[in-house]
Amino acid sequence: MASQPPEGVSAPEDGSLPESVTAGAHERNFGVYLHVPYCRVRCGYCDFNTYTASELRGAKRENYAGEAVHEVRLAGDVMRRVGLPERKVSTVFFGGGTPTLLPGEQLAEMLHAVRDEWGLADGAEVSIEANPDTVTPQLLETLAAAGFTRVSMGMQSAVPHVLATLDRTHEPAMVPKAVDMVKEAGLQVSLDLIYGTPGESLEDWRTSLETAIACAPDHLSAYALIVEQGTKLARQIRRGEVAQPDDDLHAAMYELADGMLQAAGYEWYEISNWARADELRSRHNLSYWTGEDWWAIGPGAHSHIGGVRWWNVKHPAAYAERIARDVSPAHQRELLTAEDQRIESIMLESRLRTGARISQLEEAGKSEVASLIAEGLIDGKAAIAGRIVPTLRGRLLSDTVVHRLLQ
């Protein structure tokens, strides 16, 4: 959850939604995101809405599960009042922060509240983010028994000096051990990697990829480091203490990742994501990219239901105060127009292997399709079938592709 939300209008204290959200709702999947905003230390590159113990200013971590459960109940009330159809939850995602800093019993309590309020669909995907140094067999046993199905592990790198630059607290050797523990608990495992850290060489990145592949996870994510304003890393770069990430090196790292992952049996399905099989893709993240409905629980969490997007108050203390008063924690919201939704659909779905629909493009965008094919940026066969699917080169230049499609 990025720390700076967009500008919006004030959300009503009761959290009520406009009746427009019910249109077509029965055709959309419904997911739940639960934000756990706690970290042991603040990583230098991180701009997410997270807090260390010294930053809580009166909020109590031990109370958080109960507060989140209360918001789940408020969410159910809002959905019933507006007349949304009953839908079981298709995907649940516990993100952060580091959700696994909470006791397993509290995480299970939060998941049980989701199940009690809406029910879980058959085969529901239930994911949780974890750092390698927060995983234990006992915790994983508790999560598996509660109904969790998937762990997304923040590996980031296998090279000590890269981890140090990122302020990560785990040792590289912890990752294979943690992955083995997840597998032994009967859960799927995904590894998250970051490339382009200042001082990271192409060979460093190769080492991280080799280490990740050797763990044989079900799914891998690889994200280019983005230097966010206001972070420790941004200040270090501004002072000349570390080098600015290099775009050409980023491109070389992405090409290396795609080649090595494909050779190891992983197929890309979104620009930054690869999976061993279709059924091992992150269905929750796909719901974001394809415009489904989700309710996000917790401080600063962003929700989307039927073209209405809103975000909660950011600080855990402000969130707890709202919950204690039985008031919606929603802070501001925006109502997306049909044009907003069309543009977002093209921007997001053109990042997917399944592609964006050419039929969504205006005439100026459609006129670009032939030249994008000729320049090797989108797949010609997919275009004939009516979809915009980026080639490897198109993935590297995704912003250019989207800009031309939307002109």
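Predicted model: local features only at pLDDT ≥ 70, side-chain atom pairs only at ≥ 80, totals over all residues.
**Figure 1**
Helix α16 runs over residues 398-406, and its buried residues are Ser398, Val401, Val402, Arg404 and Leu405. Looking down the axis of α16, these buried residues keep within an arc of 165°, so they line one face of the helix. An α-helix has 3.6 residues a turn, so residues three or four places apart point the same way. The packing partners of the buried residues of α16 include the helices α11 (338-349), α12 (363-366) and α13 (369-374). Strand β15 (387-388) and helix α15 (392-396) also pack against the buried residues of α16.

**Figure 1. Helix α5 and the elements packed against its buried residues.**
Helix α5 spans residues 174-184, and Val175, Ala178, Val179 and Val182 are buried in this helix. Seen down the axis of α5, the buried residues fall within an arc of 100°, so they line one face. Lys177 and Glu184 are exposed on the face of α5 turned away from the buried side. After α5 comes Gly186, with a positive phi near 85°.

**Figure 2. Ala146 in helix α3.**
Is Ala146 buried or exposed? Ala146 has a relative accessible area of 5%; buried means under 20%, so Ala146 counts as buried. Leaving aside residues up to four places away in sequence, Ala146 touches Ala108, Leu111, His112 and Arg115. Val89 lies 57 residues from Ala146 along the chain, and the C-alpha atoms of the two are separated by 15 Å.

**Figure 3. A cis peptide bond between Gly96 and Gly97.**
The peptide bond from Gly96 to Gly97 has an omega near 15° and is cis. Gly97 is found in the loop that runs between strand β3 (89-96) and helix α2 (104-118). Most residues other than glycine have a negative phi, and most peptide bonds are trans.

Ala216 is not a glycine, yet its phi is positive, about 55°. Ala216 sits in the loop between α6 (202-214) and β7 (219-224). With a relative accessible area of 29%, Ala216 is partly exposed. Asp326, also a residue other than glycine, has a positive phi near 60°. The loop that holds Asp326 lies between α10 (316-324) and β13 (330-335). Asp326 is partly exposed, at a relative accessible area of 49%.

Where is Ser20 found? Ser20 lies in the loop between strands β1 (9-10) and β2 (30-36). Its relative accessibility is 46%, and Ser20 counts as partly exposed. Ser20 and Leu34 are 14 residues apart in sequence, and their C-alpha atoms are 25 Å apart in space. Ala370 belongs to helix α13. The relative accessibility of Ala370 is 54%; exposed means over 50%, so Ala370 counts as exposed.

**Figure 4. The whole chain, as a setting for the close-up views.**
The chain has 16 helices and 15 strands. Its radius of gyration is 21 Å, close to the 22 Å that the globule rule gives for 407 residues, so the chain is as compact as a globular protein of that length. Along the principal axes, the C-alpha atoms fill a box of roughly 55 × 50 × 45 Å. Of the 407 residues, 56% count as buried. Among contacts between residues at least 6 apart in sequence, 71% join residues at least 24 apart. The chain exposes about 17,300 Å², and carbon and sulfur atoms supply 51% of that area.

Terms used:
Residues numbered from 1 in each chain as written. Heavy atoms only, no water. Buried < 20%, exposed > 50% of the residue type's maximum accessible area, 1.4 Å probe, protein only. Helix = DSSP H or I, 4+ residues; strand = E, 2+ residues; numbered from the N terminus. Arc of directions from axis to C-beta. Contact = heavy atoms within 4.5 Å. Rg over C-alpha atoms; globule rule 2.2 N^0.38 Å. Areas by Shrake-Rupley, 256 points an atom, 1.4 Å probe, with all protein chains shown as cover.
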